[in-house]
Amino acid sequence: MNASLKKHILIVEDEAAISRFLQLELEHENYDCSVCADGREALGLALERNFDLIILDVMLPSLNGIEVLRRLRQTKQTPVIILTARDQVVDKVTGLDIGADDYMTKPFAIEELLARIRLHTKRAQSGAGALTCGKLSVNTDARVAAYDGHPIDLTKKEFDLLEYLMNNRNIVVNREKLLDAVWGFDFYGSTNVVDVYVRYLRSKIDDVYGVTVIETVRGAGYVIR
């Protein structure tokens with residue numbers, strides 16, 4: 001593959017064996033890799049360079065992965081997959097809420113990680129343009145949403161969910177499909193996370209502007225018409 005066409009991935013992992021394993025596997029799949037074991041150094045690299053994706057461990061020296069992600073999201077939307085040894089839902093939700101695209105719990109299968117990397121790099125490449133539905137607009141390049149010209153302050157996952165429903169307007173989408181499309185893979189636990197995020201969106205759009213943007217189709221899912 002032409003070097004200029006290779007995806008460039010930043011691996012942020014302080015366990016040397018895991019870091020080296022990831023680097024070898026990704027380079028075998030024709031990715032360019034940069035490797036870092038320190039949170040502050042990782043943040044500097046992520047802000048200075050344009051990576052196609054970042055694999056980010058949570059437990060890091062000097063600055064933990066959650067804080068690295070929080071600061072990164074203030075200026076950049078580089079796709080991020082969090083690696084964590086923690087399996088509590090609250091840790092995963094925290095990462096997703098502040099802007100992670102996906103997460104994996106250690107130990108993990110490299111084949112699954114590779115599949116998620118392909119998914120998120122492809123999504124980042126293809127998500128371009130502007131979507132409108134009535135007074136609601138979504139700019140997928142700038143990753144901003146507005147209603148009647150008024151900006152809507154959304155978290156990353158709220159934006160992803162709204163964008164997906166806008167891309168499929170007039171189509172009723174069930175919870176399982178929304179989980180797969182927006183979170184990447186089935187969310188461990190319950191599809192109720194979709195209902196929670198729909199409520200978040202409604203509180204920021206429907207409740208504020210007195211409209212019904214996202215309709216519930218009983219027993220079937222959600223739709224924007």
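Colleague: At what angle do helix α6 and helix α7 pack, and how far apart are their axes?

Modeller: In this predicted model, helix α6 (residues 156-167) and helix α7 (residues 175-182) pack at an angle of about 120°, and their axes are 10 Å apart. Angles of 65 to 115 degrees count as roughly perpendicular and those over 145 as roughly antiparallel.

Colleague: Which hand does the crossing of α6 and α7 have, left or right?

Modeller: The crossing of α6 and α7 is right-handed.

Colleague: Which residues meet there, in α6 and in α7?

Modeller: From α6 come K157, D160, L161, Y164 and L165, which meet K177, L178, A181 and V182 of α7. By class, this contact of α6 with α7 holds six nonpolar and three charged residues, with no polar ones.

Colleague: How do helix α2 and helix α3 pack?

Modeller: Helix α2 spans residues 39-48 and helix α3 residues 65-72; they pack at an angle of about 25°, with their axes 10 Å apart. Because angles under 35 degrees count as roughly parallel, α2 is roughly parallel to α3. The crossing in which α2 passes α3 is right-handed.

Colleague: Which residues of α2 meet which residues of α3?

Modeller: On the α2 side they are G39, R40, L43, A46 and L47; on the α3 side they are V68, R71 and L72. The contact of α2 with α3 divides into five nonpolar, one polar and two charged residues.

Colleague: Let us turn to the cores. How many residues has the largest nonpolar core, and which have the most contacts inside it?

Modeller: A nonpolar core is built from buried residues joined through side-chain atoms within 4.5 Å. The largest one here has 51 residues, and I54 and L162 have the most contacts inside it. A second, separate core has 16 residues, including I55, I81, F108 and L114.

Colleague: With which residues is I54 in contact, leaving aside its neighbours within four places in sequence?

Modeller: With those neighbours left aside, I54 is in contact with L10, V12, A46, L72, T78, P79, V80 and I81. Among these contacts of I54 are A46 and L72, which also take part where α2 meets α3.

Colleague: What can be said of the protein chain as a whole, in helices and strands?

Modeller: The protein chain comes to nine helices and 11 strands. Of its 225 residues, 47% count as buried. Among contacts between residues at least 6 apart in sequence, 58% join residues at least 24 apart.

Note on methods. Residues are numbered from 1 along each chain as its sequence is written. This is a predicted model: local features need pLDDT of at least 70, side-chain atom pairs count only at pLDDT 80 or more; totals for chains, interfaces and linings use all residues. Side-chain values use heavy atoms; hydrogens and water are left out. Buried means under 20% relative accessible area, exposed over 50%, partly exposed in between (1.4 Å probe, protein chains only). Contact means heavy atoms within 4.5 Å. Axes are lines fitted to C-alpha atoms, for helices over the stretch in contact, and angles run from 0 to 180 degrees between N-to-C directions. Helices (H or I, at least four residues) and strands (E, at least two) are DSSP runs, numbered from the N terminus. A crossing is left-handed if the near helix is turned anticlockwise from the far one by less than a right angle, and right-handed if clockwise. Ala, Val, Leu, Ile, Met, Phe, Trp, Tyr, Cys and Pro count as nonpolar, Asp, Glu, Lys and Arg as charged, and the others, Gly among them, as polar.
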